[in-house]
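The following exercises ask the reader to work from a sequence and a structure to a description in words. Each task is followed by a solution in steps.

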Amino acid sequence: MRDTESTLAKVPAVTFGFWIVKILATTLGETGGDTVTMTWQFGYLAGTMIFIVPLIVLVACQIAAKRFHPLLYWATIIASTTAGTTMADFADRSLGIGYTGGSAILLIAVLASLAAWRLTLGSIDVTRIRTPRAETFYWLTITFSQTLGTALGDWAADTGGLGYGDGALAFAGALAVLAALYFTTRVSRVALFWLAFILTRPLGATVGDLLDKPVDHGGLDFSRPLASLVLAAAILLLVLLLPQRAANSH
């Protein structure tokens with residue numbers, strides 16, 4: 001029983017505060033990734049290599065931890081979303097796959113990860129993670145979903161013709177629909193969680209692009225490094241101030 005509790009304690013409860021921090025983290029992933037690849041001109045491949053290393057290290061630390069550490073957990077989330085930004089941009093732009101192709105491939109990757117997780121362990125409920133293997137599936141699926149979210153946000157803003165502002169509103173509206181389903185229906189909570197988790201990423205991507213893209217491209221042309229610092233400070237403040245408790249299985 002003690003081992004089960006210590007493993008569960010590494011996964012945060014899904015609360016309103018969780019979603020606020022998650023959206024801020026996904027926005028930081030966009031501005032932070034773009035800071036390295038565009039503002040500092042490292043390029044998408046080098047940017048991906050820069051962010052992949054800390055992601056692997058943090059995931060290993062998260063799996064090795066004996067209990068839930070809020071700062072470690074959210075640092076890992078931020079690492080996954082910044083790596084997701086650069087990986088999606090590399091695939092979509094450098095490899096020429098395009099936003100539509102990239103979104104389709106990554107959606108298949110997310111669904112395949114969830115299916116393998118479900119077939120291997122019998123559940124994809126994030127409140128029932130009891131083993132390192134389950135955590136590995138958890139972080140793999142999260143990283144795929146973060147990467148998908150970047151491609152999907154770019155697809156909506158560019159290929160879909162919504163632009164950054166309307167794209168952000170569209171994804172916020174979709175999340176509102178999921179919230180309504182959560183409070184008014186008996187739709188699977190597990191399905192709603194993963195849908196919301198995926199959709200918060202393109203919301204963050206479009207908001208991040210709205211903040212830092214040039215005005216003639218539909219953005220507000222804010223400094224990417226400054227926006228990233230402000231977002232990081234806000235996330236740190238919220239993680240320290242908001243109640244952070246471990247998820248419990250039912």
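**Exercise 1.** Leaving aside its neighbours within four places in sequence, with which residues is Asp 154 in contact?

*Solution.* The model is predicted, so local features need pLDDT of at least 70 and side-chain atom pairs count only at pLDDT 80 or more, while totals for chains, interfaces and linings use all residues. Residues are numbered from 1 along each chain as its sequence is written, and side-chain values use heavy atoms, with hydrogens and water left out.

Step 1. Contact means heavy atoms within 4.5 Å.
Step 2. With neighbours within four places in sequence set aside, Asp 154 is in contact with Asp 89, Arg 93, Tyr 99, Thr 159 and Asp 209.
Step 3. Asp 154 itself belongs to helix 6; helices (H or I, at least four residues) and strands (E, at least two) are DSSP runs, numbered from the N terminus.

**Exercise 2.** Determine whether Asp 154 and Phe 42 are buried, partly exposed or exposed.

*Solution.*
Step 1. Buried means under 20% relative accessible area, exposed over 50%, and partly exposed in between (1.4 Å probe, protein chains only).
Step 2. Asp 154 counts as buried because its relative accessibility is 4%.
Step 3. Phe 42 has 45% relative accessibility and therefore counts as partly exposed.
Step 4. Phe 42 is placed in the loop between helix 2 and helix 3. Apart from neighbours within four places in sequence, Phe 42 is in contact with Val 36, Thr 37 and Ile 50.

**Exercise 3.** Describe the largest nonpolar core.

*Solution.*
Step 1. A nonpolar core is a set of buried Ala, Val, Leu, Ile, Met, Phe, Trp, Tyr and Cys residues joined through side-chain atoms within 4.5 Å.
Step 2. The largest such core has 49 residues, and those touching the most other members are Tyr 73, Ile 77, Trp 117, Tyr 138, Trp 194 and Phe 197.
Step 3. Among the elements that give two or more residues to this core are helix 4 (70-94), helix 6 (132-159) and helix 8 (189-212).
Step 4. Beyond neighbours within four places in sequence, the contacts of Tyr 73 include Phe 18, Phe 68, Tyr 138 and Trp 139.

**Exercise 4.** How many helices and strands does the chain have, and what are its overall dimensions?

*Solution.*
Step 1. The chain has nine helices and zero strands.
Step 2. Its C-alpha trace spans about 55 × 35 × 35 Å along the principal axes.
Step 3. Of the 250 residues in the chain, 47% are buried.
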